[in-house]
Amino acid sequence: GDYIVAFTVLGVAGLFHKYKNGFFIGTVVGSLARFLVAWYVGAVVWVEYLPDTSFGRTMTSPWFYSVLYNGSYMLPSIVLCLVLFAVLYKPLKKYFTAADLSV
């Protein structure tokens, strides 16, 4: 169930489609919304799987562990998406902005 909510909130990225650089702003906002859901669910639902140690630290807080765990893969994912979008934006702009669908 948590995947459904976490990936559904990525849709908030579309709210920025009319803004200048909205594609990039939406990517960051949507990704942060996904992170917040995963962080909350990780600390509340998956707390029973909290390891004793992780990342070389003793884990006492499920909230802190959830930040470390989810941040360890989501931050690189956000950065990678932004870099790829920046490289591909100019040649594929009409597809990114749906201009190819305009009459």
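User: Which side chain makes a polar contact with the side chain of asparagine 70, and at what distance?

Analyst: This is a predicted model, where local features need pLDDT of at least 70 and side-chain atom pairs count only at pLDDT 80 or more, while totals for chains, interfaces and linings use all residues. Side-chain values use heavy atoms, with hydrogens and water left out, and residues are numbered from 1 along each chain as its sequence is written. A polar contact is a pair of N or O atoms within 3.5 Å; within protein, one must be able to donate a hydrogen and the other to accept it, and residues adjacent in sequence count only if both atoms are side-chain atoms. For asparagine 70, the partner is the side chain of tyrosine 73, at 3.0 Å.

User: Is asparagine 70 buried or exposed?

Analyst: Residues under 20% relative accessible area are called buried, those over 50% exposed, and those in between partly exposed (1.4 Å probe, protein chains only). Asparagine 70 has a relative accessible area of 5%, so the answer is buried.

User: Which residues does asparagine 70 touch, not counting residues up to four places away in sequence?

Analyst: Asparagine 70 is in helix α3, and α2 and β1 are among the elements that cover the buried residues of α3. Contact here means heavy atoms within 4.5 Å. With residues up to four places away left out, asparagine 70 touches Phe35, Ala38 and Trp39.

User: How many helices and strands does the chain have, and in what order do the elements run?

Analyst: Helices (H or I, at least four residues) and strands (E, at least two) are DSSP runs, numbered from the N terminus. The chain has three helices and two strands. From the N terminus on, the order is α-α-β-β-α.

User: How far apart are the end C-alpha atoms of helix α3?

Analyst: Helix α3 covers residues 62-96, which is 35 residues. The expected span of a helix is 1.5 Å times one less than its number of residues. A straight helix would therefore reach 51 Å, but the end C-alpha atoms of α3 are only 38 Å apart.

User: Is leucine 75 buried or exposed?

Analyst: Leucine 75, like asparagine 70, is found in helix α3. The buried residues of α3 are Pro62, Tyr65, Ser66, Asn70, Met74 and Ile78. Leucine 75 has 56% relative accessibility, so it counts as exposed.

User: What is the phi of asparagine 21?

Analyst: Asparagine 21 sits in the loop between α1 (2-8) and α2 (22-44). At 47% relative accessibility, this asparagine counts as partly exposed. Its phi is positive, in a residue other than glycine, and lies near 60 degrees.

User: What is the radius of gyration of the chain?

Analyst: The radius is taken over C-alpha atoms, and the globule rule is 2.2 Å times the number of residues to the power 0.38. The C-alpha trace spans about 55 × 25 × 20 Å along its principal axes. A compact globule of 103 residues would come near 13 Å, whereas the chain has 17 Å.
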